[in-house]
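Welcome! Here is a short briefing to read alongside the model. Please have a look at the structure first, and then we will walk through a few of its parts.

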Amino acid sequence: MPATEGNARGDRPDEARYAPQEIETKWAEKWVANPALYAAEPFDSGKQKYYVLEMLPYPSGALHMGHVRNYSIGDALARYMWMNGYNVLHPMGWDSFGLPAENAAIKNKRPPREWTLNNIANMKAQMKRLGFGYDWSKEVTTCLPEYYRWNQWFFLKLFEKGLAYRKKSKVNWCPECATVLANEQVVGGCCWRHETTPVEQRELEQWFVRTTQYADELLQGIEQLDGWPEKVRTMQRNWIGRSEGALVDFKLDGAAGAGGDTITVFTTRIDTIFGATSVQLAPEHPVTADLIGDDALKLAKLEEMLADQRKAKEIGDIGALEKRGFFTGRYAINPFNGEQVPVWVANYILMDYGTGAIMSVPAHDERDYEFAKKFDLEIRVVVLPRRESEPPAAGEREQPILPFSGEDSLLINSGEFNGLSCEQAQQKMAALAEEKGFGKATVTYRLKDWGISRQRYWGTPIPMVYCEKDGVAPVPESELPVLLPESVDITLAGGSPLGRVPEFVNTKCPKCGGPATRETDTMDTFVDSSWYFYRYTSPIDTAPFDSATANYWFAIDQYIGGVEHAILHLIYSRFWTKFMRDLGLIKNDEPATRLFTQGMVIKDGAKMSKSLGNVVSPDDMVAKYGADATRMYTLFAAPPDRDLDWQDAGVEGISRFLSRVYRYVLKNAKPSEANWNAAIPTELSPVARRVQRKLHQTIRRVSDDFGGRWHFNTSIAAIMELVNELYGAEERAKGELPLALLADVQKKLVLLLAPFAPYLAHELWAMLGEDADTLLRHAWPKYDSALAKEDEIEIVVQINGKVRTRLVVAADADETTVREAALNEEKIKTAMEGKQIVKVIVVLGKLVNIVVR
RNA sequence: GCCGGGAUGGCGAAACUGGCAGACGCAGCGGACUUAAAAUCCGCAGGUCCGAAAGGACUGUGGGGGUUCGAUUCCCCCUCCCGGCACCA
């Protein structure tokens, strides 16, 4: 091929081409040099505050498209609020403790700290290149002592208030992570980080945070969170799983064992207790072992049952397990009627819900019914459905279809409680149980206390000391932080790595001064993210944050992140907020008034992942199309709450659009001409008027989107329409637009673009003769409804709902005018020939529908 | 099984309170510019059928039914996809 490079870029001179790399790097440098641009003002600035927050990333090494989407939404909002005159806090930080750093350290033989800080540097550079407007003076890095010392401080406060405690219990263990997991971190029986690794149960001594203390308030609070997605609220309600019921003690006949002489059952239907024909224990229930003793046959059955359960848990299919059980040979006494009922062990009873024991009422519970049918246990009806047409006449009524679990019903076969409604019986029976001391009304939660101990190195050391003489003792506040030692052997081989560092482990007891050892577990990293957004407001040395400053900024006005944190992070941080409020540090009850969960970024129908090889790198996109185009595409391709299907060609389209805007302004920016800043003439040509109308309609649409549904895809489409109108006007009017209008429309176009394509907006703002350094503080354009109004509108004329013709009428034409105009249309007349008009419906501004027969 | 969300051209999507289905963009086709191409600009475009064309007819928002002058939108039933929960007593 002959060399024709001289013409490779066409005849157009180079400066007429949109060159995002040059524009963007130029402005990025300016922004780095002037951090005040994106800095929050002091809390006494007198301005209305707006706190916009995106979830902080884990510094894995590089940003992915999900981050870009998340931060593009937040940045657009922050810029919009700045332009609306708010004092905006828009911070960023690093959730930088955690396992991947340790794994990378093992692999690369470099300390986790180094790996982490390198990643942070890289990702921060990416963020700056992408042009996100963060207040870096507020940056929080959770793996640094200036941050984690406050985790330790909070831990001491929790301990002091009885909200942190140590307990030996069955805990979730991920063999891959070689550490314990909280309940929230177990997904379908597997580790949330290793989705195919089944979680094992281990008996370990662990630190717990008493989240259940606030269970009721966490549940109640959801009602007030009307700025949160309904989906998240439902998930949290389900997770907390409040259930009202009663505890009832069944005394064992005969000798008591290590597990005591009583089986306490939890039931939500104490009203059915006269129908209890057995007591069922969870296989792991402490009494189970007592009752079995050394009976080899029963032990074998129990073992089989446990193995079964383990397997089902691994597959994540507990619900589908076939019901199994066996009679222990012992009996327990129903305190309400003194009856002896057999005690069974059953695999459908969960040890970690309620008390791990139930009374079985086959007639009124589906699962009990199924079990009783299989093992031929007695089924006794004690509740009859109430029929409205017929007054109750117990005894004469037919059997309900079993199992019957309705509550609009009456008790029978229940001694002194016969004839009561279920609700009445529930209250009376619970009261009687309490009075006689064999039970009481109670509330159970599915929510468990938060196990925060982790047997890993790269986390916050738990500030506790063990002394042979004084037992468990907290490290005094004055000795904080307990520093995480450097250069530690962090192989995955059993036990906490900190336990292999004698200088760390061996210490003095704060009480007696004698030799003592430190706690070697570290904290779950969800502790870090439970309160990081408070520290953003004032990262100081003397406290986790300054209360006065936090009280100005809180609650967060808009929190934006992925829905995958609906339970984990968002429950923990709500708990932490309530705890800090009760400490007197803050006044707000909830961390964020509004929450937005953006959709995933997918490609070829699947979530982007290395294993599928469908990952699109933000760096590549920025290098090819620029940051503005990359960011804007993530906003344009789908509404932000829906999943986004990535298409490279789509970014190219946005790039083309930005280039179109650039070329238009390059050609039409004439700030040095005399009439540039003149008033816009009131009399405009039709072409000019169309442009002006479109401009005001566009301002309205974009402003409405920010204030409402956040459908930035339609905002951007509206701006595209405006630009198309401008090009169309150029064709039609050949430069006839008044200069003042041209100036006005271009300036406002640039302002509308500023939240979505900040680099280009700044470049064009300068080209229009304005001070680009103050663009972010320039007032958001306002629309004029009079100017946005159409003079004439097209009305559709239908006959029996089918469009027959269209006609143009004045926008303010009244109903009679429109009706007559429609009926006088030639096409309508011919179409109606021989037909009779039944009705004419006129919808002003829309259509006329003529109903004929 | 239960609770959410979704299904609209070849593709991403739009239609906000029932009122022109498919805005905007991608891919496609045609034209202009060019020796040619790229870039750019202008135009066409749901489907089927009739027509040389202008134009017209029918049909169309996962499927079936209903309410209404009128339904992508409201109601009932069903199918499929995605997410969450799942023996919670």
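Let's start with Lys802, which has a polar side-chain atom 3.5 Å from a phosphate oxygen of RNA strand B; a polar contact here is a pair of N or O atoms within 3.5 Å. This is a predicted model, in which local features need pLDDT of at least 70 and side-chain atom pairs count only at pLDDT 80 or more, while totals for chains, interfaces and linings use all residues. Residues are numbered from 1 along each chain as its sequence is written, chains are lettered from A and ligands numbered from 1 in the order in which they are written, and side-chain values use heavy atoms, with hydrogens and water left out.

**Around RNA strand B**

- In the side chain of Arg656, an N or O atom is 2.8 Å from a phosphate oxygen of RNA strand B.
- Glu721 places a polar side-chain atom 2.9 Å from a sugar or linking oxygen of RNA strand B.
- Elements that give two or more residues to the surface near the RNA include helix 18 (648–668), helix 20 (712–733) and strand 32 (802–810); helices (H or I, at least four residues) and strands (E, at least two) are DSSP runs, numbered from the N terminus.
- Helix 20 provides the largest share of this surface, with eight residues.
- In total, 57 residues surround RNA strand B, and the closest are Thr268, Lys323, Arg367, Arg806 and Asn849; a residue is near if one of its heavy atoms lies within 4 Å.
- Of the RNA atoms that come within 4 Å of the protein, 67% belong to sugar and phosphate.

- Three strands form an open sheet in the order 29-28-30, with mixed pairing; two strands pair if DSSP finds at least two bridges between them.
- Strand 29 (606–607) and strand 30 (644–645) are the edge strands, each pairing on one side only.
- Strand 28 (residues 601–603) pairs with strand 30 in the parallel sense over two bridges.
- Val601 has Leu644 in strand 30 as its bridge partner.

How values were computed:
Polar contact = N/O pair within 3.5 Å; in protein donor to acceptor, adjacent residues only side chain to side chain.
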